[in-house]
Amino acid sequence: PAMLGMLGGGQLGRFFVIAAHEMGYRVTVLDPDKNSPAGKIADVHLCADYADQAALEKMAQTCAAVTTEFENVPASTMEYLAQATVVRPAAQSVAIAQHRVLEKNFIRDAGLPVAPFVVVNQVSDIPADDDAIYPAILKVARFGYDGKGQARVKSQAEAVAAFASFKQEVCVLEKMLSLDYEVSVVLARDAEGKIAPFPTAENQHLNGILDVSIVPARGSEIIKSRAQQLAIKLAEKLDYVGVLGVEFFVCDGELLVNEMAPRPHNSGHYTIDACITNQFEQQVRVLAGLPLGDARLHSQAVMVNILGDVWKDGEPEWDQLFARTALKLHLYGKHEPRPGRKMGHFTVVTDKAETALSQAMTARAVLGIGV
Ligand code: ATP
Ligand code: MG
Ligand code: MG
C-alpha cells in the first residue's frame, strides 16, 4: 500500500494515522518525540527534528504525499519536501497561518472582517492610552496556542510590560472584544478546488483553551451560513488544498475571523462520531487525491475536551463515562497528564440537541471539569 507522510506526531496526527490505516494506507510520522501519540502507532516513525536532512530525504523518497498536523513546521521543510513529493497544504498556506501578522493581513486583505489590531515590531509601535484599541490582548505572532503567548492589557504601560515579557518578539495587539459567542468552520478543499464544509460548530473556551463544541451551533441560521461562506472564501483566496479550520468571533451579531489552522481542528473532533466522513478521513482523501467524502452531520453532537487537570486526584473514573451509552471516549495515548495538556475528548452523540448538551455537561461535571 502507498505510504503517506505526516509532519507532527500529536493527537491530530494520531487520528490521521487511524483514518489512513482504515483506508488502506501506511503512514510515516516525523516527530522528534519518541513517545508522540501518532509516532507510536505509525508504520514508520522518523524520530528527528523537523529540519533533519536525512529524515526529510527519507520522507521525500518513501511517501507518495506529505501533510502536516503541526502548524509550526518550518516552511523550508515543506518547500524541501515539495521538490520531491506532493505536499498539501502548500508551504505558503502554512507560512501564513503560522504567523499572526501574515495571517491577519491576509485575512483583512482578502476582504474578510477581523478585530481591530496593531502590529507591534518594537516598543514605539504600542499605541498611547487614548487609542481605541484598549483594553486589548497582546499576542505573540509565532508559536502561540491554547492562549499561550497572550496577555490581556488595559493600557500602554501594561502593553509595554507584556511586550518585554515576550522578549520583544513580534506581536499583534488586538482589541479586546465583548463576544456574543464563538464559532468555527472546518472544511476540506481538494486540488480541483472542490470544497466540503463541515457544519458550523459553537465553541466555548476555558482559560483560553477549547472546552466544549456544540454542533450544530445554536446561533442564528444567518450567522451559521455566513461563517461557512467566509471560511470558503478564505480557502479560495489561499488556493488552499487540505483541511482548514477557521475560528470566528460573534460580536454584536457580526462575524469576525479570529484565526485559522492549516490542518484538522480541535473543534472538528465531533466529526469522528457525528459525520458521515470525519475531518481526518477528508485529510487522507485530499492528500491521496481521492474524491472528498460526504461531510454531512448524521447526529447532534457535543464534544468536551479532557485536559490533564482531570488527573489531579489520580486516574479519572472512566467507568462513569462508559455507563453513558451515547458517549464516545477518545484518549490520545499520552502518559504524562499535565494541567492544560489535551489528553483526550468525548463526544455525546444523540438525535436531540438539548439531550446532547445536557448529557455532555453532566459527564463533564463527573470528570470535575469546570466545577
Ligand atoms: P488556539 O490556536 O489554541 O485556538 P490561540 O492561543 O491561538 O489558541 P486565540 O484563538 O487567539 O488563541 O484566543 C484564544 C481564545 O481567547 C479565543 O478563542 C477567545 O475565547 C479569546 N480571545 C482571543 N482574542 C480575543 C479578543 N480579541 N477578544 C475577546 N476574546 C478573545
Ligand atoms: Mg491559534
Ligand atoms: Mg484560537
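The model you are looking at is predicted. Along the principal axes, the C-alpha atoms fill a box of roughly 60 × 50 × 40 Å, and the chain contains 11 helices and 18 strands.

Let's begin with one of the sheets. Five strands form an open sheet in the order S3-S2-S1-S4-S5, with parallel pairing. Strands S3 and S5 stand at the edges with a single partner strand each, so one side of each has no neighbour in the sheet. Strands S1 and S2 pair in the parallel sense over 5 bridges, and Gly5 has Thr28 in S2 as its bridge partner. Helix H2 (residues 53–62) packs on this sheet, where it touches S1, S2, S3 and S4. The direction of H2 makes about 160 degrees with that of S2.

Here are the residue ranges, for finding your way around:

| Strand | Residues |
|---|---|
| S1 | residues 3–7 |
| S2 | residues 26–30 |
| S3 | residues 44–46 |
| S4 | residues 65–68 |
| S5 | residues 86–87 |

Now to the ligand. There are 19 residues around ligand 1, of which Tyr145, Asp146, Glu174, Leu177 and His205 come nearest. Domain 2 (116–175) and domain 3 (181–366) each contribute at least three residues to the shell. Strands take part too: S7 (136–140), S9 (171–175) and S15 (254–261) each supply at least two residues.

Definitions and conventions: Residues numbered from 1 in each chain as written. Chains lettered and ligands numbered in written order. Predicted model: local features only at pLDDT ≥ 70, side-chain atom pairs only at ≥ 80, totals over all residues. Near = placed C-beta within 6 Å. Helix = DSSP H or I, 4+ residues; strand = E, 2+ residues; numbered from the N terminus. Domains from an automatic or database assignment. Pairing = 2+ DSSP bridges. Contact = placed C-beta atoms within 7 Å. Axes fitted to C-alpha atoms, helices over the stretch in contact; angles between N-to-C directions.
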